[in-house]
Amino acid sequence: MSDPLILGIETSCDETGVGIVRGTTLLADAVASSVDEHARFGGVVPEVASRAHVEAMIPTINRACAEAGVGIHDIDAVAVTGGPGLAGALLIGTATAKALASALDVPLYAVNHLAGHVVVDELEHGPLPETAVGLLVSGGHSSLLLVRDDAQDVTALGATIDDAAGEAFDKIARILDLPFPGGPWIDRAARDGDPTAIAFPRGLTAAKDLAEHPYDFSFSGLKTAVARWIAQQRSAGAAMSVPDVAASFQEAVVDVLTRKAIQACRDHGVEHLVIGGGVAANSRLRALAQERCEQADIVLRIPAPHLCTDNGAMIAALGSKLVRQGAAPSPLDFPTLSVLRVSTVVMHEQ
Ligand code: KG4
Ligand code: ZN
């Protein structure tokens, strides 16, 4: 008998994602993004995102079904992001999923967005090993996770104590007058720059910080250092190479991300590192992670960029894994939790 057909819904931030998965096979990955509506504000405006989800939800479900060549009545289970994320945005996805699951009379799985970012890699590189470290870096999160017991047991090893990695990229891009979201623009500008041109600080890497925050990140000091350096150059009327600033800033971010991720693998005897989130599209992060993983004998798994950014396929992939594991579904009255703990992979009775 073939695996059940799972529809996954993601609305935790500014992407309305609907994915359809059977087993570990991706059949559809429809995404509608409201990113352009946020551009003039320089960041995601929660209420604008919620309204965009309402408008995009049903068309995106229809598009996913058409892409997969299935009808809505073929769906065997629904998975949805229960948290963490923007409360209003989550509500649109969970209300839709509840309505769909009860109308179709199929089980519903309210799942953790962060676990979805790790498990999505199964759609591209096959089943995950029993244990892996996940490095999740996006506009909303920067976390190191220890994913054990076939993704049933997820522990937070560390997280950012201030800005998320993507947020730092976006803020520096803004100072450099580059468009929003700034990550891809910094990435592009950095290709012509010298990453050693300016020695920007590596947050939480001094010995005393490492003792207290071995796997945590901090990017606000770096952001201030870059902003101050740019202001000094501008006020002195000195020439400034945008590519050099971009490359030096980017190097400071990816150096710390990869160093701490590999240390986490070493300390926990883990041989597989999965990187996800929008910043995983960064070309220097991918290259440096590959180089350092090879040196440390760690297998690196990074999904294709469209699966790294927020999407419904990652939620369907996690739902599919839970169904295959025989996990109990969520009750229809589960709450949306904008600060859902990473240890809650699927939401059950409180
Ligand atoms: O996962 P995502 O699409 O949405 C969430 O924030 O949840 O991630 C978006 C973030 C933005 O901050 C964007 O600037 C960053 O990912 N990003 C990048 C690159 N592409 C996207 N950052 C660095 N380099 C990139 N190539
Ligand atoms: Zn995300």
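Two strands pair if DSSP finds at least two bridges between them. Helices (H or I, at least four residues) and strands (E, at least two) are DSSP runs, numbered from the N terminus.

I note that this is a predicted model, in which local features need pLDDT of at least 70 and side-chain atom pairs count only at pLDDT 80 or more, while totals for chains, interfaces and linings use all residues. Residues are numbered from 1 along each chain as its sequence is written, chains are lettered from A and ligands numbered from 1 in the order in which they are written, and side-chain values use heavy atoms, with hydrogens and water left out.

An open sheet is formed by 5 strands in the order 3-2-1-4-5, with mixed pairing. Strand 3 (25-33) and strand 5 (108-112) stand at the edges with a single partner strand each, so one side of each has no neighbour in the sheet. From one strand to the next, the twist averages 20 degrees. Here axes are lines fitted to C-alpha atoms, for helices over the stretch in contact, and angles run from 0 to 180 degrees between N-to-C directions.

I then checked one pair. Strand 4 (residues 77-83) and strand 5 run parallel, joined by 5 bridges. Ala-110 in strand 5 stands opposite Val-80.

**Entry: helices on the sheet**

I count contact as heavy atoms within 4.5 Å. Helix 3 (residues 87-104) lies across strand 1 (5-10), strand 4 and strand 5, at about 155 degrees to strand 4. Helix 13 (residues 312-325) also packs on the sheet and touches strand 1, strand 2 (15-22), strand 3, strand 4 and strand 5. Its direction makes about 135 degrees with that of strand 1.

**Entry: strand 6**

Are the residues of strand 6 buried or exposed? I use buried for under 20% relative accessible area, exposed for over 50% and partly exposed in between (1.4 Å probe, protein chains only). In strand 6 (residues 132-137), 6 of the 6 residues are buried, so the rest of the structure largely encloses this strand. Ala-132, Gly-134 and Leu-136 point one way, and Val-133, Leu-135 and Val-137 the other.

I followed its partners. Strand 6 pairs with strand 7 (residues 142-148) in the antiparallel sense over 6 bridges. A hairpin of 4 residues joins the two, and Val-137 stands opposite Ser-142. With strand 9 (residues 272-276), strand 6 pairs in the parallel sense over 4 bridges. There, Gly-276 is the bridge partner of Leu-136.
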